[in-house]
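Please look at the sequence and the 3D view before reading on.

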There are 2 protein chains.
Amino acid sequence: MPDPTLSKTIYTTPQQAEAAFYEAIERADLEAMMAVWAEDEEIICIHPGGARLAGYTAVREGWRQIFAGGRNLRFALAGQVYSQGMLLSVHSLHENITIIGEQRKPPPVVVTNVYIRGPLGWRMLVHHASPGPAGSDTQHEKPKTVH
Amino acid sequence: MPDPTLSKTIYTTPQQAEAAFYEAIERADLEAMMAVWAEDEEIICIHPGGARLAGYTAVREGWRQIFAGGRNLRFALAGQVYSQGMLLSVHSLHENITIIGEQRKPPPVVVTNVYIRGPLGWRMLVHHASPGPAGSDTQHEKPKTVH
């Protein structure tokens, strides 16, 4: 059941918003996912190989379809590079995804996440994920903050 | 021949830097391309389907390989969504690419470009390009600025 307090969660850093984002995916929790996104903004979401989804309705529908598959994804993040301004924070990272019940290990996903600061703290503005080439190992990269 | 004044060009808006970026690709001009990128930053470049390239040397080598193919690409940009802060500016857009001498029209490329403001104006910090699905028409989208 959706938690009505979720939409009021305040993320005081973009890193908190990012943690909530990946937790929502692992739980396949659509309400928690959409609570991470900025309101009243032109939000943008690009799933690997997919079309650009723009705006709340399209972004929500994209996650609804993914979550219909159940709670079967686990994420290990690597190689984070953070560039943070006053209003916007840009995170480059790799997602190493495990599909529960499958032996196959997909190649890392290359991701750019952008967060925007508003009255309710930091929220997601852009999630751009695209498949990286097969055979790359990104598990042991260390986080780096440049701003 | 490389123009030695290029590295001192000041882009007063991220849109100017973006125009210089696409002009450098169309001209296959490696020096002009690298002059658009931020210096002393952890720059990130992801070509469609490629691995994440991080840092000046890797980013430069990526463009060198692409430009070795000659001046054969033409770009029509569409669907721009700009989110601009004081320090960072995030651009979401579609690249409709024509390969000169080929009839085939590749599907639009989905792009997130991030610019950072420094002492020498706005410079590119992140270029994340990934292939969109075939069959999508993005030629007639209008630009939109949300910040």
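Is B:Ala28 buried, partly exposed or exposed, and how many C-beta neighbours does B:Ala28 have inside 10 Å? B:Ala28 counts as partly exposed, because it has 18 C-beta neighbours inside 10 Å. A residue is buried if 20 or more other C-beta atoms lie within 10 Å of its own, exposed if 12 or fewer, and partly exposed in between, with C-beta atoms placed from the backbone.

This is a predicted model, in which local features need pLDDT of at least 70 and side-chain atom pairs count only at pLDDT 80 or more, while totals for chains, interfaces and linings use all residues. Residues are numbered from 1 along each chain as its sequence is written, and chains are lettered from A and ligands numbered from 1 in the order in which they are written.

The predictor's confidence in each residue is called pLDDT and runs from 0 to 100. Chain A has an average pLDDT of 90, and 86% of its residues score at least 70. For the model, ipTM is 0.89 and pTM is 0.90.

Chain A contains three helices and seven strands. Helices (H or I, at least four residues) and strands (E, at least two) are DSSP runs, numbered from the N terminus. Their pattern along the sequence of chain A is α-α-β-β-α-β-β-β-β-β. Chain A has 147 residues, of which 35% count as buried. Two residues are in contact if their C-beta atoms, placed from the backbone, lie within 7 Å. Among the contacts in chain A with a separation of 6 or more, 59% join residues 24 or more positions apart.

A:Ala28 is partly exposed, with 18 other C-beta atoms within 10 Å.

The contact between the chains takes 30 residues from chain B and 30 residues from chain A. On the side of chain B that touches chain A, the elements giving two or more residues include strand S3 (73-84) and strand S4 (88-99) of chain B.

A rotation of 180° with 0.0 Å of shift along its axis superposes chain B on chain A, with an RMSD of 0.0 Å. Copies are superposed by least squares on the C-alpha atoms of residues with pLDDT of at least 70 in both. That is the relation of a two-fold axis. The same surface serves both copies, as 100% of the contact residues of chain B recur in chain A.
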